[in-house]
Amino acid sequence: MKKQPKKLISFNIRAATALTFIIFITAVIASAFRKKEYDPTSAVRFDKINRDSVESAKAFLKVYSVLMSPRCMNCHPAGDVPLQGDDSHLHTMAPKRGIDGKGVYAMKCSNCHQPANTPGLHTPPGNPNWHLPPADMKMVFEGKSAHELAKQLVDPKLNGHKDKKKLIEHAHDGLVLAGWNPGDGRTLPPMSHKEFNKAWLTWLEKGAYAPPKAH
């Protein structure tokens, strides 16, 4: 058997090494891209397997109907004064948001909003953590289209730094649940919390797609 020249053997070894290195780098880059896949409509990571843009967007329209009801929107105003009543008028006492969302100076939310609903018709609803979103993360619902609000809710820079897991958990937050226990004389959201949670999960699990922009 004829021996190969040393130079050819050396070249083959270098070529094989270079090819192995290229394959390794390609695999690393491909893996990095797989780990950083983002849904085109949001900044939250989701698995590709269960995506369904039609079903997801349709579910969000149900979610949107709840978020735009007075029970949700009144605490997510465009300005720094909370809204009030089923007609979402400016709060008659004109309290201000404050840095932490709990009021300013002596006019704190907790002065009137106690840990539980105050008995009686149209009396202040209560919750141990009653407040508006803080000044640095206002989470405005008022005036937002379904498309705009869906995009906002999945943007960690605008939603309180919530990822998919935290968004799912947020549907059971105490203040969210308070919307279905608003006290006497107030209209409930347009669907039960169970129905809302189902739509919320469907929207997120199917890809968190935003409904199309209105034209």
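Lysine 138 is partly exposed, at a relative accessible area of 30%; partly exposed is the range between buried (under 20%) and exposed (over 50%), with a 1.4 Å probe and protein chains only. The model is predicted: local features need pLDDT of at least 70, side-chain atom pairs count only at pLDDT 80 or more, and totals for chains, interfaces and linings use all residues. Residues are numbered from 1 along each chain as its sequence is written, and side-chain values use heavy atoms, with hydrogens and water left out.

- Lysine 138 and aspartate 80 meet through their side chains in a salt bridge of 3.2 Å, N to O; the term stands for a side-chain nitrogen of Lys or Arg within 4 Å of a carboxyl oxygen of Asp or Glu.
- This pair links distant parts of the chain, 58 residues apart: aspartate 80 is in the loop between helix 3 and strand 1, and lysine 138 in the loop between strand 4 (107-108) and helix 4 (146-153).
- Helices (H or I, at least four residues) and strands (E, at least two) are DSSP runs, numbered from the N terminus.
- Aspartate 80 also forms a salt bridge with arginine 97, at 2.8 Å, N to O.
- Here the partners are 17 residues apart, with arginine 97 in the loop between strand 2 and strand 3 (103-104).
- Arginine 97 is buried at 1% relative accessible area, whereas aspartate 80 is partly exposed at 34%.

**Arginine 71 and aspartate 86**

- The total by the salt-bridge rule is 4.
- One of these pairs the side chains of arginine 71 and aspartate 86, at 2.8 Å, N to O.
- Arginine 71 lies in helix 3 (residues 70-73) and aspartate 86 in the loop between strand 1 (83-84) and strand 2 (89-90), so the pair ties together parts 15 residues apart in sequence.
- Arginine 71 is buried, at 13% relative accessibility, while aspartate 86 is partly exposed at 38%.

**Second largest pocket**

- The second largest pocket holds about 180 Å³ of space.
- Its lining includes Glu55, Lys58, Lys62, Glu195 and Lys198.
- Helix 2 (53-67) and helix 7 (193-205) are the elements that give two or more residues to this lining.
- By class, the lining has 3 nonpolar, 1 polar and 5 charged residues.
- A pocket is an open set of points on a 1 Å grid over the protein atoms alone, where a 1.4 Å probe fits, with protein on both sides within 12 Å along at least five of seven lines; lining residues have an atom within 4 Å of a point.

Conventions
Points joined across faces, edges and corners; volume = space filled by probe spheres on them. Nonpolar A, V, L, I, M, F, W, Y, C, P; charged D, E, K, R; others polar.
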